[in-house]
Amino acid sequence: HLFATYIAPSATLDIGLQQEKKKEIYMKIQLPFEDLFDTAEEYILLLLLEPWTKMAKSDQVAYRKVELVEETRQLDSTYFRKLQALHKETVSKKAEDTTCEIGSGISVLPHVSKQTEYWNNVPAEYRHFNFNDLLNNKLEFEHFHQFLEAHSSSMDLMCWTDIEQFRRITYRDRKQREAKSMYIKNKYFNKKYFFGPNSPASLYQQDQIMHLSGGWGKILHEQLDAAVLIEIQKHVLNRLENVWLPLFLASEQFAARQKIKVQMKDIAEELLLQKRERKIGPVESKWISSSCEIIAFRKALLNPITARQFQRFVALKGDLLENGVLFWQEVQKYKDLCHSHCDESLIHKKIMTIINCFINSSIPPALQIDIPLEQAQKIIEHRKELGPYVFREAQMTIFGVLFKFWPQFCEFRKNLTDEKIMSVLERRQEYSKQKKKLVVTEDEKFAK
């Protein structure tokens, strides 16, 4: 009914979802799981952002007891008209200079004082925002990408992203690294971008990069070294952080989105207060957590890199939480198996594997995940009549348990790269193991 009413091509109340997303939902409609309409929900939330802002503004005006109206009066004279003409001329001249600067993609890297000037235009409450925050916030990152495209300067972000992808390729995969290096060289290492008027580096910095890479002769026939690519990325990141990011943070659109977030937070706090004062039902309680955050967390668990980092993070919080991440991922694989309409015996094998690993394990304890015993017992008792929704309740329980740690994890990784995240977590895990060994040794001594 939902698909036919809002999403299908002939839907009476079509929400305007992209064709690819429609097809994706249609392919998963048999069997339908709780995350079936996630893409549609995310699209709607973004779509409603603008009207919500307008409604909030109109509400502020409507419910204000006294509306303040500003009225300016002035004497009309020859001197005033001359001053007004001079003022208009100065303002238009400044506007032309700013337009030329932004329109040209900021041809050379601005001086330090100029970069400070960009940050001076950013409101004080947003000056803490850095490039890593942008990377961790998928929604704002997409807005930043659109902002750069609007100013014909998306090449900076594309260049940084391609080099970052190159850095993440393992040294063992030599062919892939060489191919990516050649691709970057051909796309960015030329007079159209890095050695052109729109370069993120100054002429002196361009000469340094040229010297480091061995000159044009070597560049034309060989791929770029990793050291050269890292230097290029530094210059690109410098412009992204000190020019485009402050311009983005100073924009009206960014400020409007932040106000909406604050309003939504206030609503959430109010609901939480209501929950404490009176019992709120399970359906109402779900709305306390933002839909955007739930979708973002689900996407993170489906991302192999982020999921691995989060798994290591929660492993330090409790013994069974790490297994919870693995269980959630395996249930998702089982769902995909159901959508593929493969042989029933294969699906049954997958069900039994999940049960034997997490719910009725031969390795003590038998229950390897953090769910109520009643849920586990119900699954074991009905193992012969298992249907497509056998793990639905258990997966939702695990999701709720893990979701509590998601804000902590986001705060933890805010200023860390992927490599540093894993190294920090490994050190913490090693410290935790040593601490446990020490406790066991002390207990043995005490027993003796």
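The model is predicted, so local features are reported at pLDDT of at least 70 and side-chain atom pairs at pLDDT 80 or more, while totals for chains, interfaces and linings use all residues. Residues are numbered from 1 along each chain as its sequence is written, and side-chain values use heavy atoms, with hydrogens and water left out. The chain contains 23 helices and zero strands, where helices (H or I, at least four residues) and strands (E, at least two) are DSSP runs numbered from the N terminus.

**Overall composition**

- Of the 448 residues of the chain, 34% are buried; buried means under 20% relative accessible area, exposed over 50% and partly exposed in between, with a 1.4 Å probe and protein chains only.
- Among contacts in the chain with a separation of 6 or more, 64% are between residues 24 or more positions apart, a contact being heavy atoms within 4.5 Å.

**Cysteines**

- The chain has zero disulfides, a disulfide being defined as a pair of cysteine sulfur atoms within 2.5 Å.
- Cys357 is partly exposed at a relative accessible area of 43%, and Cys410 is partly exposed at 24%.

**Selected helical residues**

- Lys299 belongs to helix 16 (residues 291-302) and is partly exposed, with a relative accessible area of 34%.
- Beyond its neighbours within four places in sequence, Lys299 contacts Glu42 and Lys138.
- Lys299 and Asp38 are 261 residues apart along the chain, and their C-alpha atoms are separated by 9.9 Å.
- Thr53, in helix 4 (residues 49-62), is buried at 15% relative accessibility.
- When residues up to four places away in sequence are not counted, Thr53 touches Ala256 and Ile260.
- Phe313, in helix 17 (residues 304-315), is buried at 4% relative accessibility.
- With residues up to four places away in sequence not counted, the contacts of Phe313 are Phe405, Gln408, Phe409, Phe412 and Leu425.

**Backbone geometry in loops**

- Most residues other than glycine have a negative phi, and most peptide bonds are trans.
- Pro364 and Pro365 are joined by a cis peptide bond with omega of about -5°.
- Pro365 is located in the loop between helix 19 (344-359) and helix 20 (373-381).
- Ser152, although not a glycine, has a positive phi of about 55°.
- Ser152 sits in the loop between helix 8 (138-150) and helix 9 (154-168) and is exposed at 62% relative accessibility.

**Second largest pocket**

- The volume of the second largest pocket is about 430 Å³.
- On a 1 Å grid over the protein atoms alone, a pocket is an open set of points with protein on both sides within 12 Å along at least five of seven lines, a cavity is a set of points where a 1.4 Å probe fits but cannot get out, and lining residues have an atom within 4 Å of a point.
- Grid points are joined across faces, edges and corners, and a volume is the space filled by probe spheres set on the points.
- The second largest pocket is lined by 22 residues, of which Lys28, Asp35, Arg298, Leu302 and Gln332 are the closest to its centre.
- Helix 2 (19-27), helix 3 (38-47), helix 16 and helix 18 (321-339) each give two or more residues to the lining of this pocket, and helix 18 supplies the largest share, six residues.
- The pocket lining comprises seven nonpolar, five polar and ten charged residues; Ala, Val, Leu, Ile, Met, Phe, Trp, Tyr, Cys and Pro count as nonpolar, Asp, Glu, Lys and Arg as charged, and the others, Gly among them, as polar.
- Domain 1 (1-30) and domain 3 (288-415) each contribute at least three residues to the pocket lining, the domain bounds coming from an automatic or database domain assignment.

**Cavities**

- The whole structure holds two cavities of 30 Å³ or more.
- Helix 18 and helix 21 (392-403) each give two or more residues to the lining of the second largest cavity, with the largest share, three residues, from helix 18.
- Five nonpolar, one polar and two charged residues make up the lining of the second largest cavity.
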